[in-house]
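Welcome! Please have a look at the model first, and then read on.

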Amino acid sequence: MMSTNQQVLLASRPVGAVREDNFSVVESAMPTPVAGQMLVRNDWLSLDPYMRGRMSDAKSYARSVAIGEVMVGGTAGEVIESHHPGFKAGDKVVGALGWQRYAVSDGAGLMKVDNPLAPMSAYLGVLGMPGVTAWMGLLDIGQPRPGETVVVSAAAGAVGSVVGQLAKIKGCRAVGIAGGAAKCKHVVEDLGFDACVDYKAGNLAADLGAALTNGKNKGIDVYFDNVGGEVLDAVLPHMNAFSRIPLCGLISQYSATEAYGVKQFRSFLVNRIRLQGFICFDRLDLWPQAMRELGGWLGEGKLQYRESVAQGLAAAPRAFIGLLRGENLGKQLVRLG
Ligand SMILES: NC(=O)c1ccc[n+]([C@@H]2O[C@H](COP(=O)([O-])OP(=O)(O)OC[C@H]3O[C@@H](n4cnc5c(N)ncnc54)[C@H](OP(=O)(O)O)[C@@H]3O)[C@@H](O)[C@H]2O)c1
C-alpha cells in the first residue's frame, strides 16, 4: 500500500468553461480509519456532468464543493482495512468517496457488491447511477407505451445510451440526438436505436423531422431531455398531444454565462405536454428494482455499454473538461490504479 494519498481539490470556481487550473492535484497523508470506519482504495472514479454544478456556488439541489475541498465523485474500489462490523478487507464497494485514491468511510452511502454481474466500473455506469437515472426518467416518469416514439438527447452518453435501449426493450421506436456522425453511427449500429440525428450537422430541425417520419408522419411521445437549450427548442414542435418530457439534465447550460430562453414554449400548451424535472436520488425506493432489471437485461445481452477511460487521477481534470465538450463515448471514467 502507498504511504501517501493523492487527491484532486477544487482550486477555484470556473467562470464559463471549466479549466484545468480550477483543480489542484495534491499528495496528502494517508487517512487512518478508527473504530466504525474503514479504509477504501478507489480503483475507479466516475466523471459526471453534475460536478460542474458542484464547482459553482449558485443555489442548487446539492451543496457546492468548498474551495480547497476534495472534489465530489462516485467511486468503485476495495476495502483495504476495516474496523466496521458490516465490511471486511477485500470487499468490493461502490460509493461517493470523491476524487482521491484512498478514503476513509463510515459506511454511509457505501454499497457492497458481493457477486458483481460485470466489471466494477459498470457499477458507475449502466448498473449504477446513470443506468438508474435512465430507468427512472424513462419508465417511471416518461411511461412509454409500446409503439410510441422516444427521443433522447446526449444519446451516445452514459444516461442517453441506456434510455434508447430501454425504449427498445419496451417496444418503442428510439431516436437519438448526438454530436457527430461517429456517435450517431454507434447509437444506431451498436446500441440498436432506430435512428440518430447529428445536432452538430447544422440542420437539426429538418433532420429530426426526417428521422421522425417513419413511413407515416409521427411525432414524439417521450422526449428524455439531457441537454436543454437549442436542442430542446428544436424538439418541442415535434411533440405529440399528451406527450411527456422527463427533464434529466441541461448540459448545454452548465457553463453558460447567460441562460438560454426557450422559444417554442407554446408547444407545452397546445400539446398538453407534461414536463417533470427529476433527480435520481429523490426516489431511492426505486433503486433496487431499477438495478435488478438493468442487471437482468445486461445478463440477457439486451443492454450494450461503452466506456471512455482516462488513466490516473492526475488525468481527471482534463477528462472532465473533455466530458463537458462531448469527447466521451459512453460512460467517462478514470482508472486510478
Ligand atoms: N437528474 C439526474 O438525476 C441525473 C443523473 C445523471 C445525469 N444527469 C444528467 O444527464 C445528462 C447526461 O449525463 P451523462 O452522465 O450521461 O453524461 P454523458 O451524456 O455521458 O456526457 C455528456 C454529453 O453531453 C453532450 N453535450 C455536451 N455539451 C452539449 C451541448 N451544448 N449540447 C448538447 N449536448 C451536449 C455531449 O455529447 P454530444 O457529443 O452528443 O454533444 C457529452 O458527451 C447531463 O445533463 C447530466 O447532468 C442527471
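## Helix H8 and its surroundings

Helix H8 spans residues 287–299, and its 13 residues reach 18 Å from the first C-alpha to the last, close to the 18 Å expected at 1.5 Å a residue. That expected span is 1.5 Å times one less than the number of residues. Helices (H or I, at least four residues) and strands (E, at least two) are DSSP runs, numbered from the N terminus. The model is predicted: local features need pLDDT of at least 70, side-chain atom pairs count only at pLDDT 80 or more, and totals for chains, interfaces and linings use all residues. Residues are numbered from 1 along each chain as its sequence is written, and side-chain values use heavy atoms, with hydrogens and water left out.

Which residues of H8 are buried? They are Trp287, Ala290, Met291, Leu294, Gly295, Trp297 and Leu298. These residues lie on the same side of H8 because they cover an arc of only 165 degrees around the axis, taken from the directions from the helix axis to the C-beta atoms. Here buried means under 20% relative accessible area, exposed over 50%, and partly exposed in between (1.4 Å probe, protein chains only).

The buried residues of H8 pack against strand E7 (111–112), helix H2 (129–142) and helix H3 (158–169), where contact means heavy atoms within 4.5 Å. On the face turned away from the buried side, H8 carries the exposed residues Arg292 and Gly299. Just after H8 comes glycine 301, with a positive phi of about 75 degrees.

## Strands E9 and E10

Strand E10 (residues 195–198) is covered on both faces: Ala195 and Val197 are buried on one side, Cys196 and Asp198 on the other. Strand E9 (residues 173–178) runs parallel to E10, and four bridges join them; two strands pair if DSSP finds at least two bridges between them. Isoleucine 177 stands opposite valine 197 in E10. From E9 the chain crosses through helix H4 (residues 181–189) to E10 in a right-handed β-α-β crossover. Right-handed means that, with the strands pointing away from the viewer, the path from the first strand over the helix to the second runs clockwise.

Most residues other than glycine have a negative phi.
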